[in-house]
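Here are my notes on this model, in numbered points. Please read them alongside the coordinates.

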Amino acid sequence: MRKVKFTQTNFHEKLSTIIEEFPRLDDIHPFYGDLLHVLYNKDHYKLALGQINTARNLISKVAKDYVKLLKYGDSLYRCKALKVAALGRMCTVTKRIGPSLAYLDQIRQHMARLPSIDPNTRTILICGYPNVGKSSFINKITRADVDVQPYAFTTKSLFVGHTDYKYLRYQVIDTPGILDRPFEDRNIIEMCSITALAHLRAAVLFFLDISGSCGYTIAQQSALFHSIKSLFMNKPLIIVCNKTDLQSLEGISEDDKKLVEEMKSEAMKTLIGQGGEPRDGAEVLLTMSTLTEQGVIAVKNAACERLLDQRVEIKMKSKKINDCLNRFHVAVPKPRDQKERPPCIPQAVLEAKVKEAEKEKKRLEKDLEEENGGAGVYSASLKKHYLLANDEWKEDNMPEILDGHNVYDFVDPDILQRLEELEKEEGLLQEQEDDEVEMDVEDLTPQQQKELAEIRKKKSLLIREHRIKKSTAESRPVVPRKFDKDKRFTSERMGRLLSSLGLDPSKAIERVRSKSRGRKRDRSTDHDMDVDNDGSNKKMRARSLSTSGSRSRSRPPTNELVPGEGFKDSAQKIKAFKLGKKSVEKRNKDARKGVDDDDHDLRRGWPVMIEVWMNVGGIQKMRAYDFESYFLFGRLHVCFILVSFYTFLNL
């Protein structure tokens with residue numbers, strides 16, 4: 001049920017967006033409405049949007065019906081079947097409107113390429129037969145880039161440019177060419193021009209090619225003018241005679257002149273209808289040449305002026321102007337008598353102005369620039385303001401790079417003084433070195449040379465011993481016994497266990513005690529505290545020799561059986577020693593392990609440490625257990641337990 005509702009919501013949102021985003025013909029400007037009808041056929045456009053609206057309603061109805069059925073589904077299989085049926089019907093409805101969606105997508109893409117035309121702003125509209133110079137004119141007065149070719153119907157749609165006149169922005173529209181034929185026979189390109197002429201409040205420029213190079217005579221162009229003159233009502237109209245560089249207006253035939261005069265008289269009617277004063281017709285008939293640009297700016301200014309006058313006149317006739325005029329009051333002073341009253345300037349002010357004019361003006365860089373060729377020719381000198389001992393040095397060229405080095409790095413005003421200080425310091429250091437006498441071995445006495453040799457020999461021995469210890473470190477690690485807190489694995493217990501088995505444990509216990517470390521206080525004697533400083537070295541050396549002798553006591557070979565060790569025979573002793581050595585091998589390796597070795601063991605998958613979270617009194621605490629330490633805690637006494645176990649088996 002949730003999936004059906006979700007699918008219906010998605011379809012509803014997408015289709016609603018399509019319907020709302022496309023413009024409604026009744027809500028937009030009539031110009032855009034008729035343009036859409038010309039380009040896309042208004043009936044097809046409305047029909048496509050109507051089909052999408054119907055599909056949206058059908059999808060909502062299908063979802064509503066199937067949600068009601070899903071509420072009363074008696075099994076999971078039936079609910080899934082209803083869901084599949086609902087989604088399938090929604091997809092079928094959407095598939096049926098595929099052609100309408102494709103049609104609207106083409107309209108969307110074409111509308112995105114249409115120019116942005118404001119129907120309410122100041123607009124100049126250019127119309128006429130094809131190939132009479134309309135696109136060339138808009139390219140001259142605006143920054144539009146309309147394609148210009150020497151054949152008809154180069155312009156197939158409306159093009160927009162913008163120009164300025166009296167600090168106001170004007171919109172210039174170039175329309176496609178129009179042919180003189182019935183309204184029903186005109187194509188879409190021509191209907192775009194007719195639509196713009198019918199709905200836009202603009203100044204109309206009707207272009208007339210008096211040279212005939214466009215392929216149409218003046219009579220044909222005049223017939224077109226009279227056929228569409230109804231579209232020029234209430235609009236400023238100017239007839240522009242183009243291509244005067246090929247044919248002047250005075251050089252045309254009498255029949256053509258009469259046709260031009262008729263068009264001029266029609267244009268005068270529009271001027272009089274707008275409240276203008278009838279004149280000689282210079283404002284409605286203009287000549288120009290887009291090739292030589294003669295008269296182009298005059299045509300643009302005349303069209304902008306006519307349009308501006310018409311818009312002001314319309315505003316003056318509106319009802320809103322009365323509210324504005326009530327707020328303004330123009331005060332005009334009236335003369336009270338015939339006496340002239342010229343402006344009075346005090347004499348002191350006049351004298352100050354004369355002195356200021358006579359005062360020599362400071363020459364600026366701008367004045368020098370104008371005197372020496374202007375901008376782009378004159379280059380201001382930055383060296384003339386340098387403060388140097390001699391002004392002739394200002395224009396000298398200073399080298400920047402010399403022998404691969406930057407010159408400015410070696411410029412120092414105090415370089416001579418610093419050089420003298422360095423030389424003095426170097427002389428003092430040289431004298432001190434000469435005074436120092438270097439001690440050589442040859443200058444020593446025989447006794448001193450002997451002592452020096454002993455010191456060097458002792459040093460070499462220490463280095464050698466350190467290297468030996470470092471190389472044999474594997475066989476003598478010491479792992480502290482941290483885990484035996486209850487003192488369960490002691491030598492006394494081992495002795496009782498061996499005695500119960502009928503073995504003599506004295507040698508084993510003595511061996512364990514000899515290997516265990518005693519405290520310094522136990523190993524030291526009381527009479528050592530009363531030794532004087534003179535004989536302290538000898539006594540300490542003797543004590544160290546005695547201690548080392550007790551620790552390095554000779555032991556029998558491994559394969560030799562000694563009574564009291566607890567072994568049955570030498571083979572059992574060898575086997576026990578091998579097992580003991582193997583058991584401590586891993587602990588010895590762990591004793592030498594560093595901080596980074598733990599990470600290496602974890603990467604290899606070795607179980608180094610296991611962390612356990614325990615809930616103690618409502619507070620979680622983490623406790624780490626080292627299972628390797630639990631299983632390998634025996635050290636030396638583990639060996640003896642193994643020995644006793646094998647002895648028991650053999651007995």
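1. The largest nonpolar core has 64 residues, and those touching the most other members are Phe 137, Leu 197, Leu 205, Phe 206 and Phe 232. A nonpolar core here is a set of buried Ala, Val, Leu, Ile, Met, Phe, Trp, Tyr and Cys residues joined through side-chain atoms within 4.5 Å. Buried means under 20% relative accessible area, exposed over 50%, and partly exposed in between (1.4 Å probe, protein chains only).

2. A second, separate core holds 26 residues, including Val 4, Leu 36, Tyr 40 and Ala 86.

3. On provenance: this is a predicted model, where local features need pLDDT of at least 70, side-chain atom pairs count only at pLDDT 80 or more, and totals for chains, interfaces and linings use all residues. Residues are numbered from 1 along each chain as its sequence is written, and side-chain values use heavy atoms, with hydrogens and water left out.

4. Leu 197 deserves a look. Beyond its neighbours within four places in sequence, Leu 197 is in contact (heavy atoms within 4.5 Å) with Leu 125, Cys 127, Ile 178, Val 204, Ile 228, Leu 231, Phe 232 and Lys 235.

5. Next, backbone angles. Asn 131 is not a glycine, yet its phi is positive, near 65°. Asn 131 sits in the loop between strand S1 (123-128) and helix H6 (134-141). Helices (H or I, at least four residues) and strands (E, at least two) are DSSP runs, numbered from the N terminus. Asn 131 is partly exposed, at 23% relative accessibility.

6. Phe 153, also not a glycine, has a positive phi of about 55°. Phe 153 is in the loop between H6 and strand S2 (159-165). Its relative accessible area is 22%, so Phe 153 counts as partly exposed.
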